[in-house]
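Me: I have a model on screen and want to learn how to read it. Can we go through it step by step?

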Amino acid sequence: MTTSLHGPGTRRTTVSGNTSLGRLVSDTTADLQKLMRQEVALAKAEIRQEAMKAGKAAGLFGGAGFAGYMVMVIGSLTAIFALAHVVDIAWAALIITGIWAVAGAVMAALGRQRMRRVSPPHRTVETLKEDAQLMRRSASHAKAIAVEPISSEPAELVVPHTEHSRW
C-alpha cells in the first residue's frame, strides 16, 4: 500500500495486493474519524458565526424595545399635559394612568388565555419515553451478554463474496 499526500490534510491510499484487511479497516476508521472531526469543526464555526449574527439582531431588538418604551412614556406625558388644558393636571395624570391600567389588564387577560392553550411537546415526550425504554432494554441485554461465557474458539470472520472482491 502506498500513501501520498494531496493538498492540506488529505491523503490518498492505493491498495496493493498484499494489504491486510486489518490495515484497510484501520485506515478507513482513521479517515472516518478525521472526517467527523472536520465536520464537527465546520459545524462549530457555522454555529458561532450564526450566533454572532443572532446576538447582534437581539441587541437591535432590545434597543428598539427601549426606544418604544421611551415613546410610550413621553407620549403619556404629552397626553397628560395636553389633557391638563381641559382638567386639572392631577386628574389628567390619573386618566392617562387609568388608560394604561385598562390596556395592561386586557393584555394580561389575553396572555393568560393564550397561555392556557399552550401544551407540552407531546411528540418529544413520547420519543423520550421510547428512548428510555430502549436504553433499559439495551442495558439488560448488555448484562445478559456479559454473563455468557466467552468461547475459547476464535471468532470466524465472514466476508461476503462478490465478483469484484479481491479477498
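Me: How are helix 1 and helix 2 oriented to each other?

Reply: Start with the general idea. Angles over 145 degrees count as roughly antiparallel, 65 to 115 as roughly perpendicular. Now the case here, in a predicted model. The axes of helix 1 (residues 21–83) and helix 2 (residues 89–116) cross at roughly 140°. Helix 1 and helix 2 are therefore oblique to each other. Their axes come within 8 Å. The crossing of helix 1 past helix 2 is right-handed.

Me: Which residues make the contact?

Reply: Look for heavy atoms within 4.5 Å. Helix 1 contributes Met-72, Ser-76, Ala-79, Ile-80, Phe-81 and Leu-83. From helix 2 come Ile-89, Ala-92, Ala-93, Ile-95, Ile-96 and Trp-100.

Me: How many residues of that contact are nonpolar, polar or charged?

Reply: Sort them by side-chain class. The contact of helix 1 with helix 2 has 11 nonpolar residues, 1 polar and no charged.

Me: What percentage of the chain's residues count as buried?

Reply: Buried means under 20% relative accessible area. Of the chain's 167 residues, 4% count as buried. The accessible surface of the chain is about 14800 Å². Carbon and sulfur atoms hold 66% of that surface.

Me: What share of the contacts links residues 24 or more positions apart?

Reply: Take the contacts in the chain with a separation of 6 or more. Residues 24 or more positions apart account for 22% of them.

Terms used
Residues are numbered from 1 along each chain as its sequence is written. This is a predicted model: local features need pLDDT of at least 70, side-chain atom pairs count only at pLDDT 80 or more; totals for chains, interfaces and linings use all residues. Side-chain values use heavy atoms; hydrogens and water are left out. Axes are lines fitted to C-alpha atoms, for helices over the stretch in contact, and angles run from 0 to 180 degrees between N-to-C directions. Helices (H or I, at least four residues) and strands (E, at least two) are DSSP runs, numbered from the N terminus. Angles under 35 degrees count as roughly parallel, over 145 as roughly antiparallel, 65 to 115 as roughly perpendicular and the rest as oblique. A crossing is left-handed if the near helix is turned anticlockwise from the far one by less than a right angle, and right-handed if clockwise. Ala, Val, Leu, Ile, Met, Phe, Trp, Tyr, Cys and Pro count as nonpolar, Asp, Glu, Lys and Arg as charged, and the others, Gly among them, as polar. Buried means under 20% relative accessible area, exposed over 50%, partly exposed in between (1.4 Å probe, protein chains only). Accessible areas come from the Shrake-Rupley method with a 1.4 Å probe; for residues, only the protein chains shown count as cover.
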